[in-house]
Amino acid sequence: MTVPTPDARPHPLFTEEGSAEVVVDAFADTPDPRLRRVLTSLVEHLHAFTKDVGLTQVELDAAIDFLTRTGHACTDVRQEFQLLSDVLGLSMLVDALDHRSGTASATESTVLGPFHMVDSPPRALGDSIALAPGGEPTMVTGEVVGPEGEPLAGAVVDIWQADEKGFYDVQRPDDVPERNLRGLFTCDAHGRFHFRTILPAPYPIPDDGPVGQLLSATNRHPYRPAHIHVIAGAEGYRPLTTHVFVEGSPYLDSDAVFGVKESLVLPFDESRDADLAAEHGMPVPFRHAHLHIVLGR
Ligand code: BEZ
Ligand code: FE
């Protein structure tokens, strides 16, 4: 006697013409409505795509091999699938969809990236986050406000960046102190913050794995324009994950991960203001950037 399995949902036999419908039907009993919707659309688009390009068995095998190698390239400190999502523009698209209903005046968001892998150390306003020699002295000042311009006292600003050679601390642990070029700042009573650093350089995203092979096979470079990462938050306001890009940097118009937005490109002008330099403990000349961060609700 055969025992019927409880989930034996019969479905029509597979045909080329009706392929998507047959598979969608097989998922029709998915209890979670959101999962059912996502799987239905995924199958419909995947089958339409496969027919559109006339995918061959050799190509499917190559794609499976690529995804297998992408998985094998992942470690505790490297997420190759995240990189794949980034270079396909998927990360930026999901970020845009997530912010469709946000406060219009809020500072624009962009990708988080994979280098926020360690906690930033709390630092006092005015501290330097540059713990190793080298680089162009840079002062960053700014304020965090709400949608009506109200200063957000006690807002927290988390900063991380690459150095003058384009490396994050975690990429050269033997050469620089831990947590170099990272800092967690708490804004003053007027929502203001300031810190000392160096000018970041453009750098390539990790390109020695399958994603790098994809970029080189398609004549795409792996570089990102010079930037400083920022996560800003204040109680009762929507947290913001963004960057400030250095005006004039190479690759602003060809960022490998599509993260650039015009409103996020800021001047890091050279200043020879001796009074300002003395006030902040900067050498003359120094670069200065000012960040006006607006959080939404
Ligand atoms: C970054 O800016 O740290 C980054 C973003 C996406 C991919 C790789 C790096
Ligand atoms: Fe970065």
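Trainee: Which helix and which strand each supply at least two residues of the shell around ligand 1?
Mentor: Helix H4 (80–87) and strand S7 (227–233) do. Keep in mind that this is a predicted model.

Trainee: OK, and which residues surround ligand 1?
Mentor: Going along the numbering, there are Leu83, Asp86, Gly113, Pro114, Phe115 and Tyr168, then Tyr203, Ile205, Arg224, His227, His229 and Val257.

Trainee: How do the residues of that shell divide into nonpolar, polar and charged?
Mentor: Seven are nonpolar, three are polar and two are charged.

Trainee: Where is a polar side-chain atom of Arg224 relative to ligand 1?
Mentor: It lies 2.5 Å from an oxygen atom of the ligand. For His227, a polar side-chain atom is 3.0 Å from an oxygen atom of ligand 1. Tyr168 has a side-chain N or O atom 3.5 Å from an oxygen atom of ligand 1.

Trainee: How much of ligand 1 does the protein bury?
Mentor: The protein buries 100% of the 260 Å² that ligand 1 exposes when taken alone.

Trainee: What does ligand 1 sit in?
Mentor: Ligand 1 sits in the largest cavity.

Trainee: How many cavities of 30 Å³ or more does a search of the whole structure find?
Mentor: One. The space in the largest cavity is about 90 Å³.

Trainee: Which residues are closest to the centre of the largest cavity?
Mentor: Gly113, Pro114, Tyr203, Ile205 and Arg224, out of 14 lining residues.

Trainee: Changing topic. How much space lies in the largest pocket?
Mentor: About 360 Å³. Two elements give two or more residues to the lining of that pocket, namely helix H2 (33–53) and helix H3 (57–72).

Trainee: Which of them gives the largest share of the lining?
Mentor: H3 does, with five residues.

Trainee: Which residues lie nearest the centre of the largest pocket?
Mentor: Leu46, Phe49, Leu60, Ala63 and Leu67 do, and the lining has 13 residues.

Trainee: How many residues in the lining of the largest pocket are charged?
Mentor: None are charged; eleven are nonpolar and two are polar. The lining of the largest cavity, by contrast, has two charged residues.

Notes:
Residues are numbered from 1 along each chain as its sequence is written. Chains are lettered from A and ligands numbered from 1 in the order in which they are written. This is a predicted model: local features need pLDDT of at least 70, side-chain atom pairs count only at pLDDT 80 or more; totals for chains, interfaces and linings use all residues. Side-chain values use heavy atoms; hydrogens and water are left out. On a 1 Å grid over the protein atoms alone, a cavity is a set of points where a 1.4 Å probe fits but cannot get out, and a pocket is an open set with protein on both sides within 12 Å along at least five of seven lines; lining residues have an atom within 4 Å of a point. Grid points are joined across faces, edges and corners, and a volume is the space filled by probe spheres set on the points. Helices (H or I, at least four residues) and strands (E, at least two) are DSSP runs, numbered from the N terminus. Ala, Val, Leu, Ile, Met, Phe, Trp, Tyr, Cys and Pro count as nonpolar, Asp, Glu, Lys and Arg as charged, and the others, Gly among them, as polar. A residue is near a molecule or strand if one of its heavy atoms lies within 4 Å of it. A polar contact is a pair of N or O atoms within 3.5 Å; within protein, one must be able to donate a hydrogen and the other to accept it, and residues adjacent in sequence count only if both atoms are side-chain atoms. Accessible areas come from the Shrake-Rupley method with a 1.4 Å probe; for residues, only the protein chains shown count as cover. A molecule sits in a cavity or pocket if more than half of its atoms lie within 2 Å of its grid points.
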